[in-house]
Amino acid sequence: MAKVISTLFISADGVAEIDPDWHFPYFDENMGRAVGEDYDTSDVLLIGRETYDSFAGAWPDREAAGGEDAGFAKQLGDVRKVVVSRQPLEFTWRNSELVQGDLVDAVTELKADAGIRGILIPGSISVVQQLLAAGLVDELRLLVHPVAARKGRRLFDEGETPYHLKVTATEVFPTGVLRVIYAPTGAPAPVGYDEVTDQVPSGE
């Protein structure tokens, strides 16, 4: 079964809506390597309409320009791109298609496709939120910037049920960016204050 992986740039206070002013000063070769590793895990990109418009408005031109980022631009162009949109789209970027029907049903079908190795969701906060709620995200790969953005859309929206996560890998970059890979996990056993009093500092 294919893994669904979300990869996001995120601030220390949980904002995943990128502002170039706080994002690009921390982008270095380490972050570039991490991004490349994330994209190499998958052969399908699952992206929302806004992310598609942003990518399609930039990467085909960068591929054509033949600059330093042309190789990555070609990789993005070659990969299968499944786009989530409530409205029909006319695609200008090769290998792009529209999600057919309900998002959760479509992703469940993609995960079960034996010909798919992995499904990567770059950005696309709304898509990630819906799939987290449906229990379909296998990994959250976060590049946590050492900045409190204080405004912008956050990854974790309001809800009644907590998302419990386990850390599967961490890495600290010289810029202060923390790379954290989480996987969903079950809730821990209920514990109250009375059960942890022996762990409270003694005050001595």
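Q: What separates Asp78 and Lys74 in helix 5?
A: Being four residues apart in helix 5 (residues 70–78), Asp78 and Lys74 are separated by about one helical turn. Helices (H or I, at least four residues) and strands (E, at least two) are DSSP runs, numbered from the N terminus. The model is predicted: local features need pLDDT of at least 70, side-chain atom pairs count only at pLDDT 80 or more, and totals for chains, interfaces and linings use all residues. Residues are numbered from 1 along each chain as its sequence is written, and side-chain values use heavy atoms, with hydrogens and water left out.

Q: What makes the contact between Asp78 and Lys74 a salt bridge?
A: The term requires a side-chain nitrogen of Lys or Arg within 4 Å of a carboxyl oxygen of Asp or Glu. The closest N and O atoms of Asp78 and Lys74 are 2.5 Å apart, so the pair forms a salt bridge.

Q: Why is Asp78 called partly exposed?
A: Buried means under 20% relative accessible area, exposed over 50%, and partly exposed in between (1.4 Å probe, protein chains only). Asp78 has 37% relative accessibility and therefore counts as partly exposed. Lys74, with a relative accessible area of 42%, is partly exposed.

Q: Which parts does the pair Glu97 and Arg80 tie together?
A: The side chains of Glu97 and Arg80 meet in a salt bridge at 3.0 Å, N to O. Glu97 lies in strand 4 (residues 96–98) and Arg80 in strand 3 (residues 80–84), so the pair ties together parts that are 17 residues apart in sequence. Glu97 is partly exposed at 32%, and Arg80 is partly exposed at 30%.

Q: Which residues do salt bridges that share partners join into one network?
A: The network joins Lys3, Arg33, Glu37, Asp38, Glu139, Arg141, Glu171 and Arg179. A search of the whole structure finds 15 salt bridges.

Q: How do you know that strand 5 is largely enclosed by the rest of the structure?
A: Five of the five residues of strand 5 (residues 118–122) are buried, so the strand is largely enclosed. Gly118, Leu120 and Pro122 point one way from strand 5, while Ile119 and Ile121 point the other way.

Q: What makes strand 1 and strand 5 a pair?
A: Two strands pair if DSSP finds at least two bridges between them. Five bridges join strand 1 (residues 3–11) to strand 5, and the two run parallel; Ser6 stands opposite Ile121 in strand 5. Two bridges join strand 2 (residues 44–48) to strand 5, again in parallel, and the bridge partner of Val44 in strand 5 is Ile119.

Q: Why does Glu109 count as exposed?
A: Glu109 has 61% relative accessibility, so it counts as exposed. Glu109 lies in helix 6 (residues 103–112).
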